[in-house]
Number of protein chains: 2
Amino acid sequence: MIVTVEPFANLTASGKEALYKTLREEFDRVCELKLKLNMARGKPGKEQLDLVSDILTVLTDPADCVSDGLDVRNYGELSGLPAAKVMFADILGCKPENCFIGGSASLQLMYDLIAKAYTHGLKNSPRPWSQEPKVKWLCPAPGYDRHFGVSGSFGMEMIPVPMGPEGPDMDLIEELVKDPAVKGVWCVPKYSNPQGIVYSEQTVARFAALKPAAPDFALMWDNAYCVHEVFGDYLPFPDILSLCAEAGNPDMVYEFASTSKITFPGAGISVLATSEANQAYLQSLLKFQIISYDKVNQLRHVRFLRNKAHTIEVMKMHAGVLAPKFSCVLETLKREIGPLGLATWEEPKGGYFISVNTLPGLARRTLELCKQAGVTMTGAGATYPYGKDPADSNIRIAPSYPALEELRQAIEIFCLCLKLAALEKEI
Amino acid sequence: MIVTVEPFANLTASGKEALYKTLREEFDRVCELKLKLNMARGKPGKEQLDLVSDILTVLTDPADCVSDGLDVRNYGELSGLPAAKVMFADILGCKPENCFIGGSASLQLMYDLIAKAYTHGLKNSPRPWSQEPKVKWLCPAPGYDRHFGVSGSFGMEMIPVPMGPEGPDMDLIEELVKDPAVKGVWCVPKYSNPQGIVYSEQTVARFAALKPAAPDFALMWDNAYCVHEVFGDYLPFPDILSLCAEAGNPDMVYEFASTSKITFPGAGISVLATSEANQAYLQSLLKFQIISYDKVNQLRHVRFLRNKAHTIEVMKMHAGVLAPKFSCVLETLKREIGPLGLATWEEPKGGYFISVNTLPGLARRTLELCKQAGVTMTGAGATYPYGKDPADSNIRIAPSYPALEELRQAIEIFCLCLKLAALEKEI
């Protein structure tokens, strides 16, 4: 790796050209290696999956399959295994009665909630959203591409809201919710996707106290990284359900979490936590859709994770694998890009991503070059509604999947591509 | 049990009263026993669940979790594990490319398909069904209460279609589909719920060749009992997908199946089989909802069930438990009710139910008496759209869940209650 330490603007024209030529030659050499490196998605690596192998053997015979007197191998219990509700309530700080236990994906619970809003309406909806002339939705950005995908799929008008160091711009959100067509907002409150920002206490309190014009406004609280510390101890976080109830908004919030990055991604269990009144309403619709989600897998998770304290222990093992990967990315960015002033980034303490903001107009080109060099990244713009990043600046780096040595190679190539993209504009 | 052999109409008034008094005394004695017997739902019994315990241990360490080079413990493969598609295609007689592998409930796949029809429309829909002034739906009856529940939940107008010994009344269906508001039909083609009727080849061919006015008419082919023989060998059944394609209706049919009554109910895997064009369309919507269903559980099923031939072997073990239960119900009905002419019933060779048709006006009262005597049954009318059985006659008996001795007691009490209900009308 060629370390460049001087901002490009300080170079002479011929200096820029010489540097470009050198970097381009290195880039060509990398391309010839025909690498296949992937920093696109928040996929745990094999080493993490191997850490939780015991979940495969916690239930091995019929006698293991009974929980609270219930044979989990048979039909029944729409809202899920009581012991699974107790476990998620412990993790989230709410009550077991608030919890509906879902299948292997909290994304599906989110999608289904929105789908039901369209087909039947939520508890306080004047009518199904399919009968509304327009549905608008607040999208703190950069944010999670799959959230925006759900909104886009239903044809919502997505309104981007800037993210700051304490979370979304609450002044703007408080203003926007005065429009009764604004029906909800996506939030990843702890270790936000992609920046890893933790919403401040004040931000959380302002969300809980929102006064939306829409009676069925949905605060979609995707607590995907609720126990997902990478550096340092578990960070306590407020229970949004009780805060909303205290602020007179008991039915406004829908909180989601899953074990996808605790046990096996796509083969874990998920939870929708909301008011008991919302649960009663939603279950009156859900009973036509499913008899119950997979209670055998729910019991596997209860036996393996046990409770919040033990889940945090499991997460420390994950952090042991993830922390060196996050450090590798952060150190390489600092060394390669820092002195050049080509980008800024957060230094998250948890979650699954590192969010890089390049100088305007460099993201798309950087990722094109990465692709040519065999490094797959989340597409440019993916972190914005409609896939449109107005500054063409934000890039989400997912360090978890590659092995550490591959990751080191991938992030160095990324830095090389960012420099090339910047130099292309200078020469 | 008091055996009565003479049709009640042959008795004198005082003979009827004496018989009623005797039966009522027996009923009162039964009530005092405070029994708790359940013939309500098609739940496999514990003995059946224990038969398949090996599925709990087919994956015990990381090396077991690779299938076709794919680590099933991680995200990916929206349409499911390739090996699971191969297995279901073998069972159903279609191609792996036709199969989308779902979660623990085929009911959820059916519900979601209808939900997508409402929110987005099906592949050939002129508009989402939520924008249609009216959606009508054909409901062969008696039929499966949960099918009618889905239709009812979406506010469809349900049109009952009589069932005959070869399946639904096809003359009527061919007439009704000329109405463009008629958007689909529920079918359980093999061992129908509740009668256990197997649609004849001609019925299946007429379904495949339907010419509905609605371009997005959905033939909902719930092949829930595709390998669920109780008496006798596996009964081959035509592949509806190829028949529809041959008849020029490749995109009309959606076939569903699951392992709910093969491995663990509510913890198995499910399949939606349909044309590749439908798959492409549906997956373009499904990709916003889920990354994939639980592939670890998919692989457990592939390892345990292997293929169609071995699945049929597993089903023979289930039949070994179920056949004595079905025989017990059929023999008791024959002995207790047969000579009295109070009801008729099918003698199914497979499936999960025995469907009894009492003389008109006796079903609701019979089930009221059963409830008083501690025997829970599917509610009267449940097998008809809107829960309304016009003749108040059909009763679904589910023999699978109780142990054989409990079942014998339950079905004898049922016969007693039916006699009492009939006598109440005579005296």
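## Ground rules

Two strands count as paired if DSSP finds at least two bridges between them. Helices (H or I, at least four residues) and strands (E, at least two) are DSSP runs, numbered from the N terminus. This is a predicted model, where local features need pLDDT of at least 70 and side-chain atom pairs count only at pLDDT 80 or more, while totals for chains, interfaces and linings use all residues. Residues are numbered from 1 along each chain as its sequence is written, with chains lettered from A and ligands numbered from 1 in the order in which they are written.

## A three-stranded sheet in chain B

Let's start with the open sheet of chain B, where three strands sit in the order 12-13-15 with antiparallel pairing. Strand 12 (343-345) and strand 15 (394-397) of chain B are at the edges, each with a single partner strand, so one side of each has no neighbour in the sheet. From one strand to the next, the twist averages 25°.

Zooming in, strand 12 of chain B runs antiparallel to strand 13 (residues 354-358) of chain B, and three bridges join them. Which residue stands opposite Thr344(B) in strand 13 of chain B? That would be Asn357(B).

## Helices on the sheet

Helix 11 (residues 308-336) of chain B lies across strand 12, strand 13 and strand 15 of chain B, at about 15° to strand 13 of chain B; such angles run from 0 to 180 degrees between N-to-C directions, with axes fitted to C-alpha atoms, for helices over the stretch in contact. Helix 12 (residues 363-372) of chain B also packs on the sheet, touching strand 13 and strand 15 of chain B (contact: C-beta atoms, placed from the backbone, within 7 Å). The direction of helix 12 of chain B makes about 40° with that of strand 15 of chain B.

## Two domains in chain A

Over in chain A, the assignment (automatic or from a database) gives domain 1 (8-49 + 313-426) and domain 2 (70-306). Taken over C-alpha atoms, the centres of these two domains of chain A are 31 Å apart. Domain 1 of chain A puts 25 residues into the contact, and domain 2 of chain A puts in 27 residues.

On the domain 1 side of that contact in chain A, helix 11 (308-336) and strand 15 (394-397) are the elements that give two or more residues. Helix 11 of chain A gives the most, with six residues.

## How the copies relate

The same surface serves both copies, as 100% of the contact residues of chain B recur in chain A.

Note on methods: Two residues are in contact if their C-beta atoms, placed from the backbone, lie within 7 Å.
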